[in-house]
Amino acid sequence: MKPLTERRPDLHARPDALRSPPLAADLGLLLLRLTVGLILAGHGAQKLFGFFGGHGLTATGKGFEALGYRPGEFYAGLAGASEVLGGLGLAAGLLTPLAAAALIGVMINAMVLSASQGLWAMSGGIEYPLTIAVVALTIAATGPGRFALDRPFRWGNGGLASAAFALVAGGAGAAIVLAL
């Protein structure tokens, strides 16, 4: 009788681990990145420039002041720039962990403001910012896929380090803003 270790395949040799993910997975990541990234970039452009029916920086700044962020125009600009740059970075798959961190930071601030309203967006809750933050974190963890500008870089494959960086940097950024 053969020893047990000789009868079972080598668990460390996994030829499928060297294969590229299926094309559909990369196309799905591209669709997710483009949708979420461009929507967030547009949302930031509303704040900064008044595009897409937005109010622009001055009016948005007054809204931020009403929420307790002073000076309102500075914080509106910071949020808008984070959404534009983070959204475009996510859409292009460029500096993905950093782009995800920018979006996570803005969404944490939005969740803090909405937390008292509960979960659901129809009552002003955290549903939307929570979803955006989780999508950004997930893309940082999985990597942006083969149709991304990050592909040649080591963080282009995602992983726990990329996800941890996005979460910690986004959380630290949000904490600094909330503390000021």
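**View 1. Leu-94, a partly exposed residue between two helices.** In this predicted model, Leu-94 counts as partly exposed because its relative accessibility is 38%; buried means under 20% relative accessible area, exposed over 50%, and partly exposed in between (1.4 Å probe, protein chains only). Leu-94 lies in the loop that joins α4 and α5. Helices are DSSP runs of H or I with at least four residues, numbered from the N terminus. Residues are numbered from 1 along each chain as its sequence is written, local features need pLDDT of at least 70, side-chain atom pairs count only at pLDDT 80 or more, and totals for chains, interfaces and linings use all residues. Side-chain values use heavy atoms, leaving out hydrogens and water.

**View 2. Thr-96, a buried residue of helix α5.** Thr-96 belongs to helix α5. With a relative accessibility of 1%, Thr-96 counts as buried. Beyond its neighbours within four places in sequence, Thr-96 is in contact (heavy atoms within 4.5 Å) with Leu-90, Ile-139, Ala-140, Pro-144, Asp-150 and Trp-155.

**View 3. Helix α2 and its cover.** Helix α2 comprises 27 residues, 23-49. At 1.5 Å a residue (times one less than the number of residues), the helix should span 39 Å, and its end C-alpha atoms are 37 Å apart, which agrees. Among the buried residues of α2 are Asp-26, Leu-29, Arg-33, Val-36 and Leu-40. What covers the buried residues of α2 includes α3 (56-66), α4 (72-92), α5 (96-114) and α6 (127-142).

**View 4. Gly-50, the residue after α2.** Gly-50 follows α2 and has a positive phi, near 75°.
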